[in-house]
Every structure is written in C-alpha cells, then in structure tokens.
Amino acid sequence: LKKTLEDTNHSFTLNNSVAIGEIVTYEVRLAIPPGPVNDLVLSDTVDRGLAFVDCESITSSLTDSLVSSAGSLDQICTSGMQISDLVSTPSNPADEGRIMHINFGTLTNVDEFPQVLIVRYRVVVLDTLENVRDLTLQNLAEWSWGGINSLPLDPPSPVVIVEPELAIDKSVNPTVTFPGNP
C-alpha cells in the first residue's frame with residue numbers, strides 16, 4: 001500500500017520540481033487478498049493548480065489474477081476514471097478537474113496469494129495565476145471498499161513549481177553620439 005511520484009514528462013526539472021504544463025505520473029499500489037473486495041474505489045484530490053489528465057495503466061502483479069465486475073483492468077483505466085471539479089460551477093480554471101475516482105466494482109483475486117493492484121495516472125500543472133515559483137502542491141488519495149471502509153494513503157512528496165528567472169540587460173554602442181545619429 002503506497003503512493004509515489006513516478007515520473008514527469010520534462011527532463012529539465014529535477015526531483016520533485018515541476019514546470020507549468022508539466023505532466024506528473026503517480027503510482028498507487030494496493031495488496032488484494034485472495035477472494036472478493038466489494039465496491040473498491042480509488043479516490044484522489046489534488047491541490048488547486050493541478051488537474052487530472054488520464055489513467056495511464058492499471059495492472060496486477062500476476063497477470064489475470066485480478067478480475068473486476070466493472071470490466072477488464074484496461075477497460076477500467078480507459079473508461080472507468082471519473083474526473084470532476086472541486087466545486088459544482090468553478091469560476092476559477094484552477095479548480096477544474098481536481099477530483100478523480102476509479103471504481104473497480106467487486107475486484108476478486110482468483111489466486112491463492114495476495115496480489116498487488118498497480119494504478120498509474122497522470123496530473124498536469126496548470127498555467128494559472130495561482131501557480132507561481134516555489135509553490136508547493138500536494139494530493140491526497142484513499143482507497144474505499146464495502147461502502148463503509150476507507151484507507152487514506154500517505155501523500156507522496158509534494159511537487160514544487162519552478163519558473164525561469166528573467167533578467168533584461170541593455171547596452172549601447174557607441175556610448176557617445178551627436179543628436180540625430182543612431
């Protein structure tokens with residue numbers, strides 16, 4: 001059971017530093033015991049300034065060991081990810097696409113040993129007024145099942161926005177001239 005920041009799409013940012021427009025890939029893992037887990041849902045909410053993009057992949061540690069009533073793991077990744085806004089009618093673009101739910105229905109481990117469910121999804125750093133240099137952004141995920149149980153995940157290391165620092169330098173040559181000359 002863990003959530004990690006796995007990758008970004010820019011090679012010029014390092015560690016947890018991200019630039020505007022950068023796409024961050026998160027990975028969440030959950031050990032599934034043998035037998036069914038009813039109404040399994042992964043939920044994640046990102047800070048203002050981040051928005052969900054898509055589900056990259058859903059796999060298991062042993063091929064074909066996890067069977068879902070909601071379809072194949074690939075189908076759940078393709079069409080089962082629901083993205084919504086934090087508020088019903090966002091007036092700020094920074095509030096759009098901040099909540100994600102993936103519903104697995106009843107997920108059954110048909111193997112005799114626990115199997116690991118691996119979910120990879122992507123988030124984008126928005127180009128909004130709120131996203132400025134050195135701003136720290138986080139997200140909080142949790143698993144829920146059976147309609148009454150939930151397990152919050154420890155958040156991964158936060159991402160920190162970096163922006164280039166611009167400077168203007170002006171020089172003139174020649175330094176002395178007569179009126180009317182360039």
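This is a predicted model, in which local features need pLDDT of at least 70 and side-chain atom pairs count only at pLDDT 80 or more, while totals for chains, interfaces and linings use all residues. Residues are numbered from 1 along each chain as its sequence is written, and side-chain values use heavy atoms, with hydrogens and water left out.

We can begin with charged side chains. A salt bridge here is a side-chain nitrogen of Lys or Arg within 4 Å of a carboxyl oxygen of Asp or Glu, and by this rule the structure has six salt bridges. One of them pairs E6 with R120, whose closest N and O atoms are 3.9 Å apart. E6 belongs to strand β1 (residues 2-8) and R120 to strand β9 (residues 115-125), so that this pair links distant parts of the chain, 114 residues apart. Helices and strands are DSSP runs numbered from the N terminus, where a helix is H or I with at least four residues and a strand is E with at least two.

Buried means under 20% relative accessible area, exposed means over 50%, and partly exposed lies in between, with a 1.4 Å probe and protein chains only. On this scale E6, with a relative accessible area of 36%, is partly exposed, whereas R120, with 19%, is buried.

A second salt bridge is formed by the side chains of E27 and R29, with a distance of 2.8 Å from N to O. E27 counts as buried at 8% relative accessibility, while R29 counts as partly exposed at 28%. In a further salt bridge, the closest N and O atoms of R122 and D54 are 2.8 Å apart. Because R122 lies in strand β9 and D54 in strand β5 (residues 50-60), this pair ties together parts that are 68 residues apart in sequence.

Next come the aromatic rings. Rings of Phe, Tyr and Trp (for Trp, its six-membered ring) pair if their centres lie within 6.5 Å, and planes under 30 degrees apart count as stacked, over 60 as edge-to-face and the rest as tilted. The structure holds three aromatic pairs. One of them is the tilted pair of Y26 and Y121, with 6.3 Å from centre to centre and 40 degrees between the planes. Y26 is in strand β3 (residues 23-32) and Y121 is in strand β9, 95 residues apart, so that the pair links distant parts of the chain. Y26 counts as buried at 1% relative accessibility, and Y121 counts as buried at 0%. The rings of F52 and Y121 also make a tilted pair, because their centres are 5.9 Å apart and their planes stand at 45 degrees. This pair, too, links distant parts of the chain, with F52 in strand β5 and Y121 in strand β9, 69 residues apart. F52 is buried, with a relative accessible area of 7%, and the ring pairs link Y26, F52 and Y121 into a cluster.

What sits over the ring of Y26? The charged end of K3 does, 4.8 Å from the ring centre; a charge counts as sitting over a ring if NZ of Lys or CZ of Arg is within 6 Å of the ring centre and within 35 degrees of the ring normal.

A covalent link comes next. A disulfide is a covalent bond between the sulfur atoms of two cysteines, and the rule used here asks for a pair of cysteine sulfur atoms within 2.5 Å. By this rule the structure has one disulfide, which joins C55 to C77 with an S to S distance of 2.1 Å. The link of C55 and C77 is left-handed, with -115 degrees about the S-S bond. Since C55 lies in strand β5 and C77 in helix α1 (residues 73-79), the pair ties together parts that are 22 residues apart in sequence. Both C55 and C77 are buried.

Finally, we can turn to a sheet. Two strands pair if DSSP finds at least two bridges between them, and an open sheet of three strands has the order β2-β13-β10, with mixed pairing. β2 (17-18) and β10 (136-137) stand at the edges, each with a single partner strand, so one side of each has no neighbour in the sheet. β10 and strand β13 (residues 159-161) run antiparallel and are joined by two bridges, and T136 stands opposite V160 in β13.
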